[in-house]
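Reader: I have a structure to go through before class. Can we take it piece by piece?

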Amino acid sequence: RGNQQMTHDEIFAKVRDVLVDALAVDEDEVTPEATLTSDLGAESIDYLDIVFKLEQVFGFKIEQGELFPDNVMQDPEFVQNGRVTAAGMQQLKERLPHADFSKLESNPEVTKVGQIFTVGALVNFVERKLGK
């Protein structure tokens, strides 16, 4: 059966396997709310590995910046004084419809941007990709 029919739980299980593999964490640490950076200890280099493994597991191509924003944070229009501006927040939301912005909106510090990348956000991303 094709990928199109995968359930949310099946996608979550595959994403969890990818993260366990890429980040050497335990399965029970990988919850939908867990953030990749703070909770699971992912670093920049790990994100590349995660993208590569997701592509392999699910059989789709992920464009640069599609899953994780690559240049929003360097743009002075989007970030000022270490905080994400309203324009920056808008840009992130448009580019990352899969991410969870609740925490970042209450405290838009650039250092907190990693919080939008939860395990659940990855699952959402995959679901959207498979549904297209």
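Reader: Where is Ala 24 found?

Author: Ala 24 is in the loop between H1 and H2. Helices here are DSSP runs of H or I with at least four residues, strands are runs of E with at least two, and both are numbered from the N terminus. This is a predicted model, where local features need pLDDT of at least 70, side-chain atom pairs count only at pLDDT 80 or more, and totals for chains, interfaces and linings use all residues. Residues are numbered from 1 along each chain as its sequence is written, and side-chain values use heavy atoms, with hydrogens and water left out.

Reader: OK. Is Ala 24 buried or exposed?

Author: Ala 24 counts as exposed because its relative accessibility is 69%. Buried means under 20% relative accessible area, exposed means over 50%, and partly exposed is in between, using a 1.4 Å probe and protein chains only.

Reader: What is phi for Ala 24?

Author: Phi of Ala 24 is near 55 degrees, which is a positive value in a residue other than glycine. Asn 81 also has a positive phi, near 50 degrees, and is not a glycine.

Reader: Where is Asn 81 found?

Author: Asn 81 is in the loop between S1 and strand S2 (83–84). Asn 81 has a relative accessible area of 80%, so this residue is exposed.

Reader: Now the helices. At what angle do H1 and H2 pack?

Author: About 140 degrees, with the axes of helix H1 (residues 8–23) and H2 10 Å apart. Axes are lines fitted to C-alpha atoms, for helices over the stretch in contact, and angles run from 0 to 180 degrees between N-to-C directions. H1 and H2 are therefore oblique to each other. Under 35 degrees counts as roughly parallel, over 145 as roughly antiparallel, 65 to 115 as roughly perpendicular, and the rest as oblique.

Reader: Which residues make the contact?

Author: On the H1 side they include Val 18, Asp 21 and Ala 22, and on the H2 side Lys 53 is one of them. Contact means heavy atoms within 4.5 Å.

Reader: Is Lys 53 buried or exposed?

Author: Lys 53 counts as buried because its relative accessibility is 17%. Leaving out residues up to four places away in sequence, Lys 53 touches Val 18, Asp 21 and Ala 22.

Reader: And how do H1 and H5 pack?

Author: H1 and helix H5 (residues 119–131) pack at about 120 degrees, with their axes 9 Å apart. H1 and H5 are therefore oblique to each other. Among the residues making the contact are Phe 12 and Val 15 of H1, and Leu 122 and Val 126 of H5.

Reader: Where does Thr 118 lie?

Author: Thr 118 lies in the loop between helix H4 (102–106) and H5. With a relative accessibility of 8%, Thr 118 counts as buried. Thr 118 touches Pro 32, Glu 33, Ala 34, Thr 35 and Leu 36, residues up to four places away in sequence not being counted.

Reader: Change of topic: how many aromatic pairs are there?

Author: A search of the whole structure finds five. One of them is Tyr 47 with Phe 68, edge-to-face, 4.3 Å centre to centre with 65 degrees between the planes. Rings of Phe, Tyr and Trp (its six-membered ring) pair if their centres lie within 6.5 Å; planes under 30 degrees apart count as stacked, over 60 as edge-to-face, and the rest as tilted.

Reader: Which parts does the Tyr 47 and Phe 68 pair tie together?

Author: Tyr 47 lies in helix H2 (residues 44–58) and Phe 68 in the loop between H2 and strand S1 (79–80), so the pair ties together parts that are 21 residues apart in sequence. Tyr 47 and Phe 68 are both buried. Together with Phe 117, they form one aromatic cluster.

Reader: What about Phe 58 and Phe 60?

Author: Phe 58 and Phe 60 form a stacked pair, 5.9 Å centre to centre with 10 degrees between the planes. Both are buried.

Reader: What sits over the ring of Phe 60?

Author: The charged end of Lys 129, 5.2 Å from the ring centre. A charge sits over a ring if NZ of Lys or CZ of Arg is within 6 Å of the ring centre and within 35 degrees of the ring normal.
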